[in-house]
2 protein chains.
Amino acid sequence: MADESDPTTQRTARRRTARSPRPERATRTTDTYRHLRNPFPTASVLSDDEVVHLHETALAYLQRSGIRVLLPEARHVFAAAGATIDDDHMVRLDVDLTRTLLASAPSTFSITCRNAARSVEIGGDSLMIFPAAGPPYVSDHVRGRRSGTMADLDDFVRLTQRSEVLHSTTPVVEPQDVPMAHRHLRMMRSALVLSDKVPCIYARGRGVVADAFELVRLQHGIDEQTFHERPYCWTNINTNSPRQLDVPMSLGIIDVARAGQVTIVTPFTLSGAMAPVSLAGALLLQHVEAVAAIALAQAVRPGAPVVYGAFTSNVDMKSGAPAFGTPETVRAAIASGQLARHLDVPWRSQGASTSNTTDAQAGYETMMSMLGCLTGGANLVLHAAGWQEGGLTASFEKFVLDIEMLQMLAEALQPIVVDDAELAIEAIDDVGPGGHFFGTAHTLARFETAFYEPEVFTRQNFGQWTDAGSIDAGARATGVWQRWLAEYEEPPLDDAVRDAIDDHVARRIAEGGVLPES
Amino acid sequence: MADESDPTTQRTARRRTARSPRPERATRTTDTYRHLRNPFPTASVLSDDEVVHLHETALAYLQRSGIRVLLPEARHVFAAAGATIDDDHMVRLDVDLTRTLLASAPSTFSITCRNAARSVEIGGDSLMIFPAAGPPYVSDHVRGRRSGTMADLDDFVRLTQRSEVLHSTTPVVEPQDVPMAHRHLRMMRSALVLSDKVPCIYARGRGVVADAFELVRLQHGIDEQTFHERPYCWTNINTNSPRQLDVPMSLGIIDVARAGQVTIVTPFTLSGAMAPVSLAGALLLQHVEAVAAIALAQAVRPGAPVVYGAFTSNVDMKSGAPAFGTPETVRAAIASGQLARHLDVPWRSQGASTSNTTDAQAGYETMMSMLGCLTGGANLVLHAAGWQEGGLTASFEKFVLDIEMLQMLAEALQPIVVDDAELAIEAIDDVGPGGHFFGTAHTLARFETAFYEPEVFTRQNFGQWTDAGSIDAGARATGVWQRWLAEYEEPPLDDAVRDAIDDHVARRIAEGGVLPES
């Protein structure tokens, strides 16, 4: 056996293809990446009965024990819908009331983009991939690890715009050099001018959301009524697990739902800390909180587009640190997909890892997360590029490595064409036993675009690679993000629109901006 | 949004669990790893019609054009079964003859192990994981990259024995310090004495196979007749793509089938070199060759256990090097699973990567391969630990990293228990809104074994990790394989059996051994 590792055989392959011309080819970044479909049948870690049992247990729990809601307005919305509220701000919903509210959540919807070709569908087998969101720190191999800046965020928006495999801009890093009251304005400006992809908004209070909406409307050139007719942007709302909705989050759910924009509700259920140490318990708590948040959105506006966000992971019981890309996250992700489908709403998961650097651990863990997303049938994969240190740092090199991986996955999701030309019977005949296919007309006609060509992964053999300095993939990634930034082109935007956005930002900053609510 | 990366929230989790006692816990290496089941529904990249079309096209091709068979004895077997042979040694099989021969291949079988608890089932949803097989070079961070030695192979057999997630020993590295005529004897001794797992044998000619069988019989203490009654070992046979079966491979198929042992037939179809540059064409060629080899085994002994091996990958058209962990390998793997199931025989795939070192690329690529294996429904995953440089080198550090990944996958494949205790309703009640679960009785009763605890991946935060020297996962792996080797214990074996094995090896070496045939 073992011809598979036989250097003679492998050298033969090398020699045969060494005669090949070596054109400088563009990478196969195709339009198909823009609208990915997940072809994998959905996996299960729960039986159908267990899904029903978890769901019904969550509904019964909301009726018996409820969830604490810190915003009076949100309690009023719940009360008006028929919930009971006690003096501890605990909101309890009858099982039938919850069912009624959940029923109006749509199973699919779209987000309309300034560049229509980049509008996205959420739900069904549509697979949307978003980069990391929220790390306070930033890292690269040139400048080291440091607090995130506005310049860093602008660069990440440029890198996001450049990659066809990412479907939305996000706050990849928190720009801590911008005063808090101005931050959302500068961040929205970055997203709306440097990219023509779907924008993410921060739900950090009423004033912040109002500014974000106004800027999105300016980008689209639409009035408030038109804006309210369909989704143009999305936000992510984390509940304060266990069993609590705080003020800015409740405000976010209300304001975003009222405007008909997209809310991803994501309980922050780290198993072993804010959630039970048992996966079933963490999933139950996640479901209780997600159902309550979705119910609030539907009470505000029936039919408001919501996504079931699932972030359940585990805390490392030795170090106390949240861990990602763990076996438990894979199981929790697949279960969450089942629960979301039971609600008949889209499901968001994430590509995430724990590693502190761009090493093998980062690669294995990120792919472990992606395995859960892909086999679980995620509609939305957040944090899929650049997430490092369990989300504390946005890494430029990790971003590049993840894009490579995502492009490879996007290629791997394409079907195989089976027709006479691709079956190549004539070429097989012509080559004959023991021959090789390099020189055939069939190969020459196809070799330039036959295979995905990596941008940062290397196919050099060991000798070539050591001659080139034995540089690992993390280190090679530095030159790649630098090149991608150098090649970046700002998408077309009417001067009048850009001016309107810039004017709004400048005016609001001059007015002092607005602080997040807490 | 973005609490997910909020350092305050994450610090809270850390602080809460920092009060935890920190016992030195054993890793959760459970007996369940020994008998893995793949719970993922099988994915498709071909429609059912396309599968049938590929299969029927392959059968028609074997009837019209055939495969070249270099061993006269193999041609006689084919001729006796009803095939036609021409002067160029081309063997052509009528479609009906091929169907008849294929029909006797079993869909499932077992391999009986000296240690009955380690016997394996092949087929169905059983998932067997085997380490790398065949690299001529070996590498570790202490001794560098060098030619493989017998001492290295012994160490890899020890590491394989130690890991419950590996189900067979393999020739992880080729011991080039042992003369060719003695090599198989020393390798079999290593597999049969240092491990009690399923052994792999080399099919490098009649004499080599005869020695291997005799040694396996000595280990089991059985005679030839008993040996022929069921499988006790396996081999891998690569066809000489395109469309050729050479002498040692044909001999291997015949001798292993005649003895009722397991043959994995694996066409060496590297798309762009030994196979068409189009995936459909490479798969067609793979199927033609696999079907011919399986037909030969069935002509020798109807019911001989065979596995459909699929190695189709692509050559990098720029460097000429074979590439693994590519998008094309994922698609080819899933298609191969469909073709194997159409034949109703078990399917072998592989975990493989191209990277020259234990970097992020190695992690992403290996997991890309595993994605194809798991979603495609592989029964056997070869090369799943230690494979580096596209199989030219067996890396001790990569072996450790892969074991970590495989253990994580094994954990991820376990179902979630949903019962009252795991749902933790009482704990959720007790903790209350905004609290934490650390101190609860529910957590204390479970935290020691709740989660998979990594052996080489770290959960340290950035500060702890930098304080410890910023050591990446590849570098950390060195201490791990050293520790695992230090902890290794040879499995129990009767002195008489060990002596019999050693005597046979010594006698055959004294006789001069036997050279492989070519």
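## A tour of the two chains

Start by selecting both chains: 133 residues of chain B are in contact with 132 residues of chain A. Next, pick out helix H12 of chain B, residues 360-376; this helix gives the most to the side of chain B that touches chain A, with 10 residues. Colouring that side of chain B by class shows 73 nonpolar, 38 polar and 22 charged residues. Bear in mind throughout that this is a predicted model.

Now compare the interface residues on the two chains. Of those in chain B, 99% are also interface residues in chain A, so the copies meet through the same surface.

Chain A holds 19 helices and 20 strands, and its C-alpha trace spans about 80 × 55 × 50 Å along the principal axes. For 518 residues, a compact globule would have a radius of gyration near 24 Å; the value for chain A is 25 Å, which agrees. Buried residues make up 63% of the 518 residues in chain A. Among contacts in chain A with a separation of 6 or more, 76% join residues 24 or more positions apart.

Last, select residues 396-412 of chain A, which form helix H13. At 1.5 Å a residue, the 17 residues of this helix should span 24 Å, and its end C-alpha atoms are 24 Å apart, which agrees. Is H13 of chain A enclosed or open? In H13(A), 17 of the 17 residues are buried, so the helix is largely enclosed by the rest of the structure.

Technical notes. Residues are numbered from 1 along each chain as its sequence is written. Chains are lettered from A and ligands numbered from 1 in the order in which they are written. This is a predicted model: local features need pLDDT of at least 70, side-chain atom pairs count only at pLDDT 80 or more; totals for chains, interfaces and linings use all residues. Two residues are in contact if their C-beta atoms, placed from the backbone, lie within 7 Å. Helices (H or I, at least four residues) and strands (E, at least two) are DSSP runs, numbered from the N terminus. Ala, Val, Leu, Ile, Met, Phe, Trp, Tyr, Cys and Pro count as nonpolar, Asp, Glu, Lys and Arg as charged, and the others, Gly among them, as polar. The expected span of a helix is 1.5 Å times one less than its number of residues. A residue is buried if 20 or more other C-beta atoms lie within 10 Å of its own, exposed if 12 or fewer, and partly exposed in between; C-beta atoms are placed from the backbone. The radius of gyration is taken over C-alpha atoms; the globule rule is 2.2 Å times the number of residues to the power 0.38.
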